[in-house]
Amino acid sequence: MSVPDLLTSLNAQQQIAAAATRGPVCILAGAGTGKTTTITTRIAHQVASGAFTPTQILAVTFTEKAAGELRARLGRLGVQGVPARTFHAAALAQLRGLSDAPPAQLMSSKAPLLRQIGNGLPGAYRYRPAGDLATEVEWAKNRRIPPERSCELVGDHEPPIPTDLMQRVYRDYERRKGETGQLDFEDLLERAIQLFTEDARARERFRERYRAFTVDEFQDVNLLQQTLLDLWLGEGDDLCVVGDDYQSIYGFTGASPRYLLSVPERYPHATVVRLVQNYRSTPQVLALANRLESKLGGAPKTLEPTQPDGPEPSIRPWVDEEDEARGLVAWIRDCAKGGVPLAEIAVLYRRNASSENYEEALTKAGIPYQVRGSAFLGRQAARRMVRLLERSPEADAATAVGKAALADGWLEDTPDDLGTQEATRQADLTRLVELARAPGSDGCTVDAYLADLRSRFGEESEAGGVQLLTLHRAKGLEFDAVAIVRTQEGELPIRQAKHAEAIDEERRLLYVGLTRARRHLLVSWLAAKKPSRFLAELGVKSSRAQARSSRKRREPAADVPAPILGELKKWRLERSRADGVPAYVEFHDATLEEIARRGPLTRAELAAISGVGPAKLERYADDVLKALATAAA
């Protein structure tokens with residue numbers, strides 16, 4: 001393909017980027033603006049113009065899937081032989097080709113070794129998932145922090161376990177790994193850095209081979225990767241980076257948008273191009289997403305629509321979880337009736353622990369679905385509990401599930417400082433216990449409980465179903481219809497986000513979610529919760545009023561005795577004022593209604609009601625039983 005033919009299909013800004021065959025080039029590419037098309041065309045132009053041969057160019061991506069897509073697109077442009085690899089794959093190839101002592105054994109996962117180490121931790125800390133420990137080890141290694149300095153350099157970062165214990169885990173991990181001669185993925189990059197720092201011959205051979213570099217998703221680069229890239233380049237500057245600082249959402253890996261944003265400072269002669277013409281979403285979707293721009297900082301990029309008009313995004317609260325389930329199912333069915341395939345409908349949430357709400361709702365509605373990541377019954381807590389419970393099929397479910405959960409480290413009052421996987425595990429354990437204590441489950445056997453679990457959370461469909469996934473997993477994807485659920489404080493931003501940098505990343509996470517939608521967009525939250533601060537930034541000025549209105553519209557079921565419920569609500573209001581907290585923090589309406597309906601006379605009967613856990617039982621039992629007695633007098 002000739003050079004003019006390569007450029008004709010690009011817009012004006014894309015053409016500027018693709019025509020700059022020599023570096024440095026910084027492409028600030030907004031969501032849906034055709035960045036992959038731009039960089040593959042630029043690489044093809046580099047080859048067609050004779051600036052470089054295919055084997056002199058190294059293209060770096062963050063996933064093997066992205067590398068494969070880049071090679072396929074280059075092939076369609078008639079370009080073969082350009083190496084497209086992840087940072088880790090590139091480092092491994094360099095060590096094998098240039099080092100006198102190439103790595104012998106690469107670990108596929110840190111988890112098995114960290115699980116062994118974690119089992120030796122004191123108390124409940126031994127239950128922390130190995131995945132949380134692995135994430136923490138990676139947090140340090142991607143910042144090039146050795147074990148002996150991990151306590152000193154932790155800053156305001158909060159590990160999933162106390163800092164001194166985490167240092168012990170990290171130190172033991174490095175020691176045991178070294179004793180077996182294994183390397184993890186961060187070690188690959190460190191070994192390559194060491195190779196190019198200490199071996200002049202290796203540097204010379206590498207730089208004779210590779211003369212130009214293209215790095216995709218540059219907003220996701222961390223210190224370890226940037227250090228290696230600098231060594232690849234040496235004194236050269238034939239570098240093209242592409243990324244969107246608005247979509248930098250992997251701070252837990254050490255990724256930072258500052259490496260992307262600092263390119264023009266490091267290379268004052270760089271060609272800087274902003275891509276803002278969006279080929280994905282309707283003007284209505286983009287208008288909503290663009291409202292966050294003033295808060296996103298970095299390089300301004302107001303997305304410009306190229307698609308025809310579509311429906312206005314729906315932004316609304318749900319009265320409660322039941323209302324959310326009904327409303328979400330109705331929205332999905334409306335989308336499907338309008339011609340949207342189920343596989344093009346996505347439900348996005350902040351935490352894996354939220355998926356079971358939607359799995360259960362879709363199973364009940366008979367709507368096929370797929371969970372990208374980890375479905376409820378496939379996650380650690382449920383798998384372990386099911387295995388334990390299957391040993392005693394005739395036991396009382398409420399008792400057996402409670403004991404098994406406590407034995408597995410269940411904490412009813414979950415602290416804020418848990419790692420992501422442990423927070424998910426704790427939420428899953430709580431859900432399993434609540435299901436065993438749900439109204440109507442008195443005398444239920446373990447066998448019946450497990451059967452109910454499997455009926456509530458049906459098997460995922462192999463294809464063609466609604467997509468359920470976290471906002472993080474949605475990055476890089478797009479769908480005809482997107483529902484972003486639980487946009488409320490404590491969820492988005494997540495409650496572990498306690499400082500400005502973390503809040504900024506949570507805002508970018510919402511932006512990523514909004515820009516996944518092509519045509520239909522729903523943003524919602526639960527009325528009993530405080531709406532996310534980001535909703536106000538989106539211009540949802542009436543969010544709190546809507547939430548209050550939604551709470552007022554909820555009517556108790558007909559079989560709930562009104563006088564008893566009234567007495568309970570009177571008590572709750574007085575208690576909430578005394579405690580200085582919203583009423584729903586004491587007990588949700590649904591819990592009070594169930595207490596009024598069942599009329600428990602003892603602490604044991606009260607404890608069997610869903611929503612009344614050990615902590616609430618200890619705190620409120622006497623007052624609640626007194627209120628019930630007053631109502632009955």
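Predicted model: local features only at pLDDT ≥ 70, side-chain atom pairs only at ≥ 80, totals over all residues.
Q: What makes helix 7 largely enclosed by the rest of the structure?
A: Buried means under 20% relative accessible area, and eleven of the 13 residues of helix 7 are buried, so the helix counts as largely enclosed. Among those buried are Leu133, Val137 and Trp139, along with the charged residues Asp132, Glu136 and Lys141.

Q: What covers the buried residues of helix 7?
A: The cover includes helix 6 (111–118), helix 8 (163–180), helix 9 (185–198), helix 11 (223–233) and helix 20 (420–436).

Q: How do you know that the reach of helix 7 is close to what is expected?
A: Residues 130–142 span 18 Å from the first C-alpha to the last, and 18 Å is also the expected value at 1.5 Å a residue. Just after helix 7, arginine 144 takes a positive phi of about 60 degrees.

Q: Why is helix 3 called oblique to helix 4?
A: The axes of helix 3 (residues 35–48) and helix 4 (residues 64–76) cross at roughly 55 degrees, coming within 10 Å. Roughly parallel would need an angle under 35 degrees, and roughly perpendicular one of 65 to 115, so helix 3 is oblique to helix 4. Their crossing is right-handed.

Q: Which residues make the contact between helix 3 and helix 4, and of what class are they?
A: Helix 3 brings Thr36, Thr37, Ile39, Thr40, Ile43 and Ala44, while helix 4 brings Leu70, Arg73 and Leu74. By class, that gives five nonpolar, three polar and one charged residues.

Key: Residues numbered from 1 in each chain as written. Heavy atoms only, no water. Helix = DSSP H or I, 4+ residues; strand = E, 2+ residues; numbered from the N terminus. Expected span 1.5 Å × (residues − 1). Buried < 20%, exposed > 50% of the residue type's maximum accessible area, 1.4 Å probe, protein only. Contact = heavy atoms within 4.5 Å. Axes fitted to C-alpha atoms, helices over the stretch in contact; angles between N-to-C directions. Parallel < 35°, antiparallel > 145°, perpendicular 65-115°, else oblique. Left-handed = near helix turned anticlockwise from the far one by under 90°.
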